[in-house]
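Please study the arrangement of helices and strands in the structure shown here. The briefing that follows treats the sheet and its helices, and then selected residues.

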Amino acid sequence: MASEREDFSISGPLHLTAIDLTNAHHRRSVAACLVQGVYVVERDRQQQRQGTQALAPPWWEFFQFKLLRHLKDDADFSIFGAIYEYKAPPSHSELSTVGIPRYVIAFRGTLTKPDSFSRDLELDFHLIRNGLHMTSRFEIAMQAVRNMVASVSNSNVWLAGHSLGSAMAMLAGKTMAKTGIFLEAFLFNPPFFSAPIERIKDKKVKHGLRIAGSVITAGLALAAKKNYNNSRSVDPFLALSEWVPCLFVNPADHICSEYIGYFEHRKKMEDIGAGAIERLATQHSLGGLFMNVMGKGSDSDPVHLIPSANLIVNLTPSRDLKEAHGIHQWWKPELNLKSQLHKYK
């Protein structure tokens, strides 16, 4: 996915002089900074910055987190993730740490630098082709998540990611949710693969295209089910519906903006009495279904499709796509945010 802006001189949320992780704004800002820490630690590695020259530590140390370990890709040895441990000050009582994570597992997106770009781009293509779950990078990430969850209760583990890293965190969260473990997740600019319908200004045209897409998708889903002789009658989204990750999207970012229409359209289809069609369509992507009907697809669920979410939209104007897609926007003060909870029924 499009890379994070690589101006690492940009400061973090200096307006936060005291951190309260029960505050939604603070939680979002801290999660975004921990993701930024992964970007910077990888650039430190590439630039061979060590010790006092390293730029990464302030991104977690300011919030009382300790870097427990890096997550490295076994193909190019780049750092794509990090596990942070919260270290409460001695003055904090056990009660004061309620709602604060013991561990945060964060994943970066694509870096356009020679030491990591080719591997990151390869992962982007795997994501587009719905094959991220088969990559060694995801296997490493998933093992780290399982190990941390096994060591503490799931309420003490957060997931966070940006762009490609957001897709990694989403897939890890979905995988855990299928086993009944629901992890708190902060997913910044998560990629959504579909035609850019959300960019159409005419609301009637937009709504008409989405209805047509739902009907076609539902029809192909039924055809694919028949083609594979799949007798599964249980709605796979029901098992995931109790997992409610936080999705942070920007309408000016075409990589993630389709999530806005995805959830709005589901509600509209319910309102007009076409909920059954949409419940089937919302679980599938058109591209994947065409491949399945032709016998060239897989049974894997598209990574980007989820049943429930707390959708947070940044309505603050962006200067360009780079700013609209960047991680830096999510810790800025006085953002114009619109938040809406979407629960799958």
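Helix H4 (residues 136–151) lies across strand E1, strand E2 (79–86), strand E3 (103–107) and strand E4 (157–162), and H4 runs at about 170° to E3. Helices (H or I, at least four residues) and strands (E, at least two) are DSSP runs, numbered from the N terminus. Angles run from 0 to 180 degrees between N-to-C directions, and axes are lines fitted to C-alpha atoms, for helices over the stretch in contact. This is a predicted model, in which local features need pLDDT of at least 70 and side-chain atom pairs count only at pLDDT 80 or more, while totals for chains, interfaces and linings use all residues. Residues are numbered from 1 along each chain as its sequence is written, and side-chain values use heavy atoms, with hydrogens and water left out.

**The chain as a whole**

- The secondary structure of the chain consists of 11 helices and eight strands.
- Of the 345 residues of the chain, 50% count as buried; buried means under 20% relative accessible area, exposed over 50%, and partly exposed in between (1.4 Å probe, protein chains only).
- Among contacts between residues at least 6 apart in sequence, 75% join residues at least 24 apart, where contact means heavy atoms within 4.5 Å.
- The chain exposes about 16100 Å², of which carbon and sulfur atoms supply 56%; accessible areas come from the Shrake-Rupley method with a 1.4 Å probe, and for residues only the protein chains shown count as cover.

**The sheet**

- Strands of a sheet pair through backbone hydrogen bonds, either parallel or antiparallel.
- Eight strands form an open sheet in the order E1-E2-E3-E4-E5-E6-E7-E8, with mixed pairing; two strands pair if DSSP finds at least two bridges between them.
- Strand E1 (65–72) and strand E8 (337–342) stand at the edges with a single partner strand each, so one side of each is left without a neighbour in the sheet.
- On average, neighbouring strands of this sheet are turned by 15° against each other, direction ignored.

**Strand pairs in detail**

- E1 and E2 run antiparallel and are joined by seven bridges; Leu67 stands opposite Tyr84 in E2.
- The hairpin of E1 and E2 has six residues between the strands, and Phe77 in this hairpin takes a positive phi near 65°.
- Strand E5 (residues 184–188) and strand E6 (residues 246–249) run parallel and are joined by three bridges.
- In E6, Cys246 stands opposite Phe186, and Phe248 stands opposite Phe188.
- E6 and E7 also run parallel, with four bridges joining them; Leu247 has Leu311 in E7 as its bridge partner.
- Cys246 and Phe248 point one way from E6, Leu247 and Val249 point the other way, and all are buried.

**Helix H5**

- Helix H5 (residues 164–177) has 14 residues, which at 1.5 Å a residue should span 20 Å, and its end C-alpha atoms are 20 Å apart, which agrees; the expected span of a helix is 1.5 Å times one less than its number of residues.
- Because 13 of the 14 residues of H5 are buried, H5 is largely enclosed by the rest of the structure.

**Selected residues**

- Asn189 lies in the loop between E5 and helix H6 (203–227) and is buried, with a relative accessible area of 0%.
- The side chain of Asn189 makes polar contacts of 2.9 Å with the side chain of Asp253 and of 2.9 Å with that of Trp330.
- A polar contact is a pair of N or O atoms within 3.5 Å; within protein, one must be able to donate a hydrogen and the other to accept it, and residues adjacent in sequence count only if both atoms are side-chain atoms.
- Leaving aside neighbours within four places in sequence, residues in contact with Asn189 include His162, Ser166, Phe248 and His325.
- His304, in the loop between helix H10 (286–293) and strand E7 (309–314), is buried at 6% relative accessibility.
- His304 and Met170 are 134 residues apart in sequence, and their C-alpha atoms are 7.6 Å apart in space.
- Trp59 belongs to helix H2 (residues 58–61) and is buried, with a relative accessible area of 8%.
- Arg43, in helix H1 (residues 24–46), is buried with a relative accessible area of 9%, and its side chain makes a polar contact with the side chain of Gln46 (2.9 Å).
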